[in-house]
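Hi,

Here is the structure I promised to pass on. Have a look at it first, and then read my notes below.

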Amino acid sequence: MDKIIVTIIGFLGIAFTYWFFLMKKDKEVAVTDSIDIVVDGGYSPEVISIPKDKTIKLNFIRKDPSGCLEEVVLGDFSVRKYLPLNKKVTIELTPHQSGEFIYSCGMGMFHGKILVR
Amino acid sequence: MEIKKTFSIKGMHCASCVNLLEDALGKVDGVLQANVNLATTKATVVYDSEKVTDKHLESAVSSVGYQAMVSEELKSEDEEKKEKQKELDDLRVRVGVSLFLGALILWGSFPGLIKTSPLVLQNFLVQLLLATPVQFWAGWSFYRATVSALRHQTANMDTLVVIGTTVAYGYSAFIAVFPNVVMGIGIEPMPYFDVATIIIGLILLGRYFEAKAKAGTSEAIKKLIGLQAKTARVIRDGKEIDLPISEVEIGDSIRVRPGEKIPVDGTIIEGESSIDESMVTGESIPTDKTKGDVVVGATMNKAGSFIFRATKVGQETMLAQIIKLVQEAQGSKAPIQRLADLVSSYFVPVVLMLAILTFVVWYVFGSNQALTYAILNMVAVLIIACPCAMGLATPTAIMVGTGKGAEHGILIKDAESLETAHKINTIIFDKTGTLTKGKPEVTDIVSFGSMSKDELLSLAGSIEKGSEHSLAEAIVKAAEEKELALSKAEGFKAIPGHGVEATVDGKRVVFGNKRLMDKEGIDMGGARNEIDTMEDGGKTVMMISMEGRLVGLIAVADIIKESAREGLVALQKLGIEVAMITGDNERTANAIGRSLGITRILAEVLPDQKEAEVRKIQAEGKVVAMVGDGINDAPALAPANVGIAMGSGTDVAIEAADITLINKDLKSVAVAIVLSKKTMRTIRLNLFWAFGYNIVLIPVAMGVLYPFFGILLNPIFASVAMATSSISVVANSLLLKRKKIV
């Protein structure tokens, strides 16, 4: 009996993990001029949309002391910046190409998305 | 232009300082708004950048007794260093405490050691007491990161460590507090506090070493920043004053004494010296420089003393440009990284699912002690998975590779260029200014009459003085170098595509090519053989006739650079086909190509056709690099798979180039390719290790080998493997520093 219960709970756990982490919906925030992105266990907001050919300021504020998040890497824009704790670090972007650009922490564990339209 | 700037102020301690500083900054002409914050000790100033410079802000602040830290770049470097050191110190304490307590618990619980341990350590409640601070104090950072990540519906390595160790700790705590309950359901009461504590200790230890090693990957940038001179001896109002480098302005005259560092970029206006530029440009031999020559900031003055005029300061100097370029390259993404990125974004959730599956399978199919095995194997799966190694595999190697390039005077624009360079199998060199010096020089003078060679050169120089042709420039320069007296030429006339004619000392002189001589009906007789031999050697031959009679020949040639031959041999050794492209006629082009051992020659190509030639070779399926000066060849550099520009002057940011050789050394083309090959080999090895490690060890931790060989992975060994895997990836990238590329 206990084996059946463990099996059922186990498979429910797997389904929950899949739903929780892999089926989450990204909420998109439209940016026209500048935006504060809080770095704490990920990036908030995680998905931003910005206009093409316009300079946008992304202000990263790291609140998470984890070493994983100490750098932010916007590989498509050739930017790798150290984020000191609780300090605003501004990155200016002027994208000339539309598309979806993923940025991440220094180890590629946490991701954010920039949609250029 | 209106600019907003925030900078720190040193020496602030009370609210009255705020008013004082706001007043002082507000009075600066061009400052529109000044706010000073006592809590952050920072000033935010809005000003007109055309009227206000950093210097104005600094002096306004210092006039009221404080110090403005306007140069944020250095401050943030310093801040980063301090913050990292603090983190490392904190980590060291946590590692020490958790490993010490973990060792005590291990002593009191490990089957082989238990008999030697004091009884108190064998007590489960004492073990609980020892394990609790490790779990929640030393391991606090894991919990914090996990909670933050879960709020974003993401999971990372901390999530795995937290779940793994909490399960081991929770299960053990239950056994310690309620041993009878556990015994009642037929399970031997055996806590696993050692697993939880040692795992936390070892993973923290791994992070400590990883952080130390990672700092080594960005060493090149730190080295470059460290090259900067701190002060400059500026001559103002006839006095020599030592000023901080940030206060040097364009147009300042600066004295540099023997053995001193040149503070900024400029042009020598007085004196001469030998200058070692190896630290910035990678050029190994010191260069002699005199009045009118360009000097580069942060390079070392050897013997002489001189004064130069500053032409570039602050972020415009060559060193600042190099630092910016390397920083950008280190932040860029290599195409090979995309797979690792994709995998790592799914990795942790997949490992969590595998861990649950492991628990279920062991619980359902395990024989005796099923719960214990289910827990231990699940913990092993959670702990062994190492997503960090995958994330670090590519960027750490790119950082070391681009940094190593910069040390050798090879500036790589981005990671993609570094990656593509290893596939290059054909290189097209532009001839003029790239393989050759780009400035024709007089190579031969032949006299057919009574005139001496110097007299011939003087005569040619006299009539060419008025001409603007590049060949004329070479002849006049040669005459001037020999300090020959030039006569006045009268009735000067340029005959386009042929040459010139004029009257010198009452005699009619015609100077030009064969066509001009034929036109003038001048008999070239026995000179023809000599002319042919020189032309076959790639030289341009001009004939001088006086009063209708051939009196001599002057040959001019564009000299091949010293590094060209060696550079091409190095490329051929790498199995790369070399081609040369030039606007010259086929005969001259062939002659130069022959002397350099180049067989594929694209001659008589007009500048606007070079791009098409590059595309033609690409259409043959070749991966093509184009090497040029970056200015005239920009259109041809752009379509090449890798555009390589030879640096000139103090401009390093050549837009069309993927790689810029600031050491102007043609041997560096091969060095750049070798660097790319070695970096790619390191990345592949890193990725192989990072992927292979997870692909092999996760199933082992799940227990797939158990049915066949009885092999299971102890969670403590899993944590050792995990901690070493990311360190080994970073260490492998650091090994690239020691690899020989020259």
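B:Lys514 is partly exposed, because its relative accessible area is 26%, and the cut-off for buried is under 20%. Keep in mind that this is a predicted model. B:Lys514 forms a salt bridge with B:Glu535, and the closest N and O atoms of the two are 3.7 Å apart. This pair links distant parts of the chain: B:Glu535 is in helix α21 (residues 527-536) of chain B and B:Lys514 is in helix α20 of chain B, 21 residues apart. With a relative accessible area of 16%, B:Glu535 is buried.

B:Glu535 has another partner too: its side chain meets that of B:Arg587 in a salt bridge, at 2.9 Å from N to O. B:Arg587 lies in helix α23 (residues 586-596) of chain B and B:Glu535 in helix α21 of chain B, so this pair ties together parts that are 52 residues apart in sequence. B:Arg587 itself is partly exposed, at 34% relative accessible area. Through shared partners, salt bridges join B:Lys514, B:Asp532, B:Glu535, B:Asp536 and B:Arg587 into one network.

B:Asn513 sits in the loop between β19 (507-512) and α20 (514-520) of chain B. Is B:Asn513 buried or exposed? It counts as buried, because its relative accessibility is 19% and buried means under 20%. If you leave aside its neighbours within four places in sequence, B:Asn513 is in contact with B:Gly497, B:His498, B:Val541 and B:Met543.

Now for the place where the two chains meet. On chain B, 49 residues are in contact with 44 residues of chain A. The area buried between chain B and chain A is about 3,900 Å², and carbon and sulfur atoms give 59% of that. Which residues of chain B lose the most area to chain A? They are B:His152, B:Gln153 and B:Met353, and together they make up 16% of what that side buries.

The rule finds 12 residue pairs in polar contact across the interface of chain B and chain A, with both residues at pLDDT 80 or more. Several helices of chain B each supply at least two residues to the side that touches chain A, among them α3 (72-109), α6 (140-151) and α7 (157-177). It is α13(B) that gives the most to this side, with 15 residues. By type, the residues on the side of chain B that touches chain A divide into 21 nonpolar, 12 polar and 16 charged.

There are also 4 salt bridges between chain B and chain A, while the count over all chains comes to 41. Follow B:Arg144 here. B:Arg144 forms a salt bridge with A:Asp40, the closest N and O atoms being 3.5 Å apart. B:Arg144 also forms a salt bridge with A:Asp64, where the closest N and O atoms are 3.6 Å apart. B:Arg144 lies in helix α6 of chain B and A:Asp64 in the loop between β5 (56-62) and β6 (71-74) of chain A, so the pair joins two chains. B:Arg144 counts as partly exposed at 24% relative accessibility, whereas A:Asp64 counts as buried at 1%.

Helix α6 of chain B also holds B:Thr146. B:Thr146 is buried, with a relative accessible area of 5%. Its side chain reaches the backbone oxygen of B:Asp158 at 3.3 Å. Not counting residues up to four places away in sequence, B:Thr146 touches B:Asp158, B:Thr159 and B:Val162.

Last, the rings. A search of the whole structure finds 20 aromatic pairs over all chains. In one of them, the rings of B:Tyr169 and B:Phe193 have their centres 5.9 Å apart and their planes at 65 degrees, so the pair is edge-to-face. B:Tyr169 lies in helix α7 of chain B and B:Phe193 in helix α9 of chain B, so the pair ties together parts that are 24 residues apart in sequence. B:Tyr169 counts as buried at 10% relative accessibility, and B:Phe193 counts as buried at 0%.

In chain A, A:Phe16, A:Trp19, A:Phe20 and A:Phe21 form one aromatic cluster.

Cheers

Definitions and conventions. Residues are numbered from 1 along each chain as its sequence is written. Chains are lettered from A and ligands numbered from 1 in the order in which they are written. This is a predicted model: local features need pLDDT of at least 70, side-chain atom pairs count only at pLDDT 80 or more; totals for chains, interfaces and linings use all residues. Side-chain values use heavy atoms; hydrogens and water are left out. Contact means heavy atoms within 4.5 Å. Buried area is the accessible area (1.4 Å probe) that two parts lose on being put together, summed over both. A polar contact is a pair of N or O atoms within 3.5 Å; within protein, one must be able to donate a hydrogen and the other to accept it, and residues adjacent in sequence count only if both atoms are side-chain atoms. Helices (H or I, at least four residues) and strands (E, at least two) are DSSP runs, numbered from the N terminus. Ala, Val, Leu, Ile, Met, Phe, Trp, Tyr, Cys and Pro count as nonpolar, Asp, Glu, Lys and Arg as charged, and the others, Gly among them, as polar. Rings of Phe, Tyr and Trp (its six-membered ring) pair if their centres lie within 6.5 Å; planes under 30 degrees apart count as stacked, over 60 as edge-to-face and the rest as tilted. Buried means under 20% relative accessible area, exposed over 50%, partly exposed in between (1.4 Å probe, protein chains only).
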